Amino acid sequence: MDYVPELPVEREVVKTYADGRWGLREYSRWPQMLVNDMWHIACIPTTPSPSVPEVLWRTLCPTDWEADRLTGVADLGYIKDDIRTKLSEAAKLARAKWDVLAVGSDHQAYREHGDTLLLILRLAVERMEKLPSQRGIAIAVAAHVQRVCLEIAGLCTYLDVVVARLELAIADPFPPLPVVGAFIRDPSSAQTCTRVGIPTWFLQPLTHQVKVWRIVDFRKPPMDWSDAPSDPPIYQNPHEVAGITNLTGNWVERMCLAVSKLVCGVHLAALGPGQEGLAPEAGPSAAKRARTGEAEGTDVRGKHLQMRPVDVPQAARSAGKSRRERKRLLA
């Protein structure tokens with residue numbers, strides 16, 4: 001290769017920026033470390049074609065969003081109609097091409113991953129087209145549509161071109177493919193990628209045995225890539241900005257699935273705990289507790305049926321007394 005791209009040094013958390021990209025960790029446009037079983041990431045194309053339109057490389061900016069007056073909320077809107085239509089058409093082309101290649105592929109793991117990407121793409125396109133969002137969120141959703149379409153294109157390139165080259169026992173390297181390529185530490189993998197035409201940058205310790213054949217240019221990301229955090233930021237957890245914790249070497253798949261959940265998921269906001277003292281008490285009310293306490297240790301049925309005897313004077317119980325005497329006794 002006649003240039004060396006900037007190495008995306010590993011970070012614990014990958015950020016999402018104002019243009020919806022992940023900076024140097026944007027695997028759909030910048031070389032990353034080669035991951036086993038995900039060689040298709042290195043096969044993502046860098047140039048447009050009939051099945052991969054140019055809109056997938058467009059840098060999204062705040063002016064690409066416009067408010068929707070029909071919602072009645074000033075901060076809600078969509079990506080502009082012309083861009084949204086082109087992205088939807090690009091998604092249809094990606095689905096059509098994958099449907100053709102997936103039928104004859106013998107790589108079960110890649111077929112399953114491609115089907116997952118198609119599901120993510122459908123959800124992202126539906127949200128982009130039907131759900132009004134704030135400017136930062138709408139840009140992140142549209143950028144995710146670009147990202148997933150490009151990854152599907154890389155998957156198609158790997159299954160359609162690279163796999164056939166891997167199966168051929170030819171020592172001479174094939175011409176380089178117009179793809180993003182990869183950084184590689186393993187010498188055998190670097191040799192294989194170079195043979196099949198994947199742009200390769202081999203990382204090795206600098207020793208006296210390393211021969212320098214020529215000096216090439218150092219390439220940084222394009223100037224139109226944003227370095228400002230997305231607004232509002234996409235959180236993976238309350239303390240870290242946009243992304244997922246990079247605990248394993250294969251962060252690309254986990255990051256893609258995590259951001260897909262964040263930008264494609266539609267759910268109601270979580271209910272807060274509310275003000276203290278508004279919740280009803282767990283036990284019975286004070287009046288009920290008092291009545292309950294009276295009944296404790298007694299027979300309720302006997303209490304309800306018990307009648308107080310009438311207080312009749314002793315003289316009135318004697319039937320032999322005369323009427324006058326009874327009146328006198330009662331007086």
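This report describes the aromatic contacts, cysteines and one backbone feature of a predicted model.

Local features require pLDDT of at least 70 and side-chain atom pairs count only at pLDDT 80 or more, while totals for chains, interfaces and linings use all residues. Residues are numbered from 1 along each chain as its sequence is written, and side-chain values use heavy atoms, with hydrogens and water left out.

**Aromatic pairs**

Rings of Phe, Tyr and Trp (its six-membered ring) pair if their centres lie within 6.5 Å; planes under 30 degrees apart count as stacked, over 60 as edge-to-face and the rest as tilted. By this rule the model holds 5 aromatic pairs.

Strands here are DSSP runs (E, at least two residues), numbered from the N terminus. Because Trp30 lies in the loop between β1 and β2 (32–33) and Trp225 in the loop between β7 (217–219) and β8 (235–237), their pair ties together parts that are 195 residues apart in sequence.

Tyr3 and Trp201 are both buried, where buried means under 20% relative accessible area, exposed over 50% and partly exposed in between (1.4 Å probe, protein chains only). Trp30 and Trp225 are buried as well. Ring pairs also join Tyr3 and Trp201 with Phe183 in a cluster.

**Charges over rings**

A charge sits over a ring if NZ of Lys or CZ of Arg is within 6 Å of the ring centre and within 35 degrees of the ring normal. The ring of Tyr3 has the charged end of Arg219 over it, 3.6 Å from its centre. Arg147 lies over the face of Trp22, at 3.9 Å from the ring centre.

**Cysteines**

The structure contains 0 disulfides, a disulfide being a pair of cysteine sulfur atoms within 2.5 Å. For Cys193, the nearest cysteine sulfur is that of Cys43, 7.9 Å away. Cys193 counts as buried because its relative accessibility is 0%. Cys149, with a relative accessible area of 2%, is likewise buried.

**Backbone at Asp37**

Asp37 lies in the loop between β2 and β3 (65–67). Its phi is near 65°, a positive value in a residue other than glycine. With a relative accessible area of 66%, Asp37 is exposed.

Terms used: Helix = DSSP H or I, 4+ residues; strand = E, 2+ residues; numbered from the N terminus.
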